[in-house]
Every structure is written in structure tokens, then in C-alpha cells.
Amino acid sequence: MTWDHFIYFAISAVLLWAAGAFFAFKEKKEKQVYAFTIGGLLVFFAFILGLWIHLERPPLRTMGETRLWYSFFLPLAGIITYARWRYKWILTFSSLLALVFTCINLFKPEIHDKTLMPALQSPWFAPHVIVYMFCYALLGAATLVAAFMLVKGTKERVFALTDNLVYVGLSFMTIGMLFGALWAKEAWGHYWAWDPKETWAAATWFLYLTYIHFRLARPLRHKFAAWLLILSFCSLQMCWWGINYLPSAQGRSVHTYNAK
Amino acid sequence: MWRKPWTMKEGFAIGLAFCVVGLLLQWGIGPIAWSLVAWPVNIILLSVYLTFIILTYALRKKVELLRWCMSYQAAVPALALASVLAVALGVMTDLSLLSHWTFVLIFAWVTTILGWISIKRIVHFRSWKRDIPFLLNHLGLFIALVTGTLGNADMQRLHMTAFRGQLEWRGIDENRQFHELPFSIRLNHFILEEYPPQPIGVDEKTGKMRYERVPKRFASDVTLFTSDGVQKDDTVDVNHPLAVEGWKIYQLGYDEMRGKESEYSILELVRDPWLPFVYTGIYMLITGAVWMFLTAGRKKKEERL
């Protein structure tokens, strides 16, 4: 299976996710919600698995490949949130965001060769990136909810969901970062090197910590908290791909693999 | 501002004062030379630092400032400034963050707050459900940051060029100084596996196809001779370092011009005696993060009850 087959899987998965999101708004249609969303996830994962086999390495190296996981984890995070807290609109959010990233991959896939340099051939590689992608998905959903509240007005119940998403997202971010540190010790001899991406990851981690402590210090300052969340997500985007365009990161980051 | 009780505003003012002091120190005495805190200075510093945290904690009932330091009001500005400074100094400039006084002062402020609130939780331990995750996250980060920073000066990183068939027991540090090791290494065989060559275009001069050769694996077959007379054959692979007598041996490079025919292999040797303490902190943080993921959303309900 190659990127040429992606469009068929992508369209089927997105349609299934849309159906799941639609049924979430209907009363007593929970079975359909789960069936369609999980069906979409299975279709999408089948493609990832096929690509994995075709490439003879985990598809986690290029930007296009990480976006693939991101599109997969968004509805997964959505359905877990739905199962746990029953927010009916969360699946609409997650499906829309997954659609955006699927479309980017369809129009600008950034396909690269099969090679995987020795430093990346590690059992830490897959968990490090997958955990981070899941974290990005959760925090992306939290940011969308915050932006939605800034437009429509804040509600305590909805803010509780945002906090839950941030707590779960931050725990995954911590795990992803520390897996990276443990891997770096095995691959490069030191667990932390203040590489530009690592520095930005630390700054982003501190920003999300600022958010959760701010929520505890000033629980009623909803608007400021929502803006803080949006700012933190911008920092996360910098860390994920923005750093590749930063002049100071060129050539001295161990995290820029897809630069030609 | 400055009317009691203090809020976050005072926190930002204190943080900015730290920044100004940091800039003056940077300008006055230059970057922090961490090599000066090498053993046994770091263990003395650590004892003094821990004593300072415990003594100030004991004074908290008399000094309102210390009680404020242990509140969310102090945590938020400290974390926000740490984030801003990490980006401003770390990404925008070429300086190493930990050699910059401004960052280190804010970093020390965050760490000290972590120390105080960790003691507070231990002293006022009520329920494991509430306090164990809190301590895993906060005390774990405290341990990792403090031991990682103070232990950095004791870390040795040497490069060794091992020629095939020759015994080597010296490593070279970043200042081009030789160091003798307690063991020796003999390179028996250098291994290089490559991906199938990828065509990358036509050479304009010769008109022939040019191919890109990407290494798939490179490794060294070595024999180790330890100080107690033991002889051991092993392989050093990228991502699979060898551990011997407190040192770790990493595969770093080779003669890239000659590829498979490389006569030597470049190894990196690392000794980090503080690593077990840093790892204790890291594993506490990982456990705390897993715990946070499993219990997110339940905390609020309990608080309401």
C-alpha cells in the first residue's frame, strides 16, 4: 500500500467519522456513534499499517507521516472523551480537525524515501512520536473548545472539559518528552541537549503548566485562561513544525530529519 | 501592588527583578562556568541548598513572604517566565541556556518553589490518593532538575578513534585533552550496511547517473579488556551502547570517505555518576503523568463532595 491509495481510505474514513459525529447529536444512538467512529478509525489505521509494511519502517519520520497519525488520533481522542464525559459536539470538532489534516496530506503529502537513519532505529522511536501525536490531538481539541467559548461565551461545564483535555494532553506530553530523554541517552549519550526543538518543547511544557496553575489560582478568569490555552497551542505548533523554518535551528537540530 | 496578601503581580515583579540581576551578572562576570561546581563542590552546594529550603520552610509561619511563595500565585509567574526565557534565550540566541544567569535564576526560583511545596505535602500528608500523585510530579521534577544540573559538571564525554586491530585506552575531551580510561578497547571489525543506492540525478560533467548511499546500520565489533583482567567480545551499535565500569560506549562515526573500508571507528565514552538520581526523578514524573491521565476529571467530583 502506498500514498497513491491514501485518497480511498481517507474519504471512507472521513465519511464514517462524519456519520459518527452526526449520530452523537441524536438521542439514544450511542451504538451508531461508536460503530461509525471506530469503523473510520479501523479504515484509517489499515492504511497506516499498509504503509508501514510497504515502507519497511514505522511511518513516523516525515511531516506527512506524523500528520497521518494526527488525523488518526483526533477522532480517537474524540471518541474517548465522548465515552467518558458524553459531550455530543466533541466528535464534530475532532472530525473536522482530522479532515483538515487529511486534506493537507492529500494535497501536500511530502512523500519521502524509505530510508531510516540508524539513530532513528530504536524501540523508543514509535512510542515517543505516537504519544506526542496523541498529545497534540488532545490539546488541539482543547484549544478548539477554548476558541469556541471565546466566541460563544464561557460555561463552567465546558471549561471543566477543557481542563480535563489539558490534563490528559499534558500527561501525554510529559510521557512523550521523557521517553525522548530516555531514548536520547541511549542514542546520543545525554538525556537533554538544549537542541532548539528540545528548548521549545520545554517552553511549551512550562506554558501548559502555567495554564493549569493559573486555572487553580484564578478559576473565574475564563477569558484569560482561554487565551493562554490558544497561546500555548501556538507554541506547540512552533515546536512541531515551525522550528524547521527557524534560522537558528538549521543544521544544529537532531530533530530535523526531513530537510532535503 | 505590594499590599498584602500578594498576588501574581508581585510574582511578575520579583521575576523581572531576577531578570535584571541576571543580566547584570551576565554582563559583570560573564556566563556561568558549571565546571567549577564539579565534585565535591556540587555535593556541598546540594547540602547547603537543601538545608536552606528546610530552614526557610520552618520559618514560614513567621514570614508571610514564604507562605506566599508556596501558593499558586507564586507558581504562575515563575512558570510563565521560565517559558518566555527558554524561548527568548534558548531559541533566539546561540547561548547555552544553563550558562545564562537570567535563565538560571528563574530556573532556581521554580526549583526552590518545587522544593518548598514538596516538603509541605510530605509534612501535611493526608491521603495517598491526593498526595502521592502530587509528590510524584513535583518532587520528581525537583529531583531531576537539581541532580541533573548539579551533576552535569561530573559528566565526562570523551571521543575515541579506535583503529582496526590496535588497542586503545585514551579518550579526548572537548578541550582536546587526553584522558586515560580504566579499560581498553580493540576494534576487530567495522560493520557498515547501506540501503540500495537511490538515483539523485545526472552528473553534468560525466553524464553518468549519480547515486545517494544512505547507511542503514554502522557498528563496531570490539574486544574489551577491563582493569580486573577480564576480556569480552561485543558489538557497539547506534542506539545500543555498551556499559563497562561505569562508562557507556556509543557508536559515533567512521571514515565516511572510505565507507565500508573504514580503517577506524569513532566511539563516544560517557560517564555520568549522577544519572541514577536523575532517572529516579524522571521515572517519578512518568508515573505521575500516567496517574494524572488515569484520574483526570475525577478530581473535581471528589473536591465537590
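**Close-up views of a cavity and an interface**

**View 1. The lining of the largest cavity.** Two or more lining residues come from each of H3, helix H5 (125–152), H6, H7 and helix H8 (222–240) of chain A. The volume of this cavity is about 590 Å³, taken as the space filled by probe spheres set on the points. This is a predicted model, in which local features need pLDDT of at least 70 and side-chain atom pairs count only at pLDDT 80 or more, while totals for chains, interfaces and linings use all residues. Residues are numbered from 1 along each chain as its sequence is written, chains are lettered from A in the order in which they are written, and side-chain values use heavy atoms, without hydrogens and water.

**View 2. The interface of chain A and chain B.** In contact (heavy atoms within 4.5 Å) are 48 residues of chain A and 58 residues of chain B. The buried area, which is the accessible area (1.4 Å probe) lost on putting the two parts together and summed over both, is about 4,700 Å², with 67% given by carbon and sulfur atoms.

View 3. B:Lys248 and A:Glu186 join their side chains in a salt bridge at 3.0 Å, N to O, the criterion being a side-chain nitrogen of Lys or Arg within 4 Å of a carboxyl oxygen of Asp or Glu.

Terms used. On a 1 Å grid over the protein atoms alone, a cavity is a set of points where a 1.4 Å probe fits but cannot get out, and a pocket is an open set with protein on both sides within 12 Å along at least five of seven lines; lining residues have an atom within 4 Å of a point. Helices (H or I, at least four residues) and strands (E, at least two) are DSSP runs, numbered from the N terminus.
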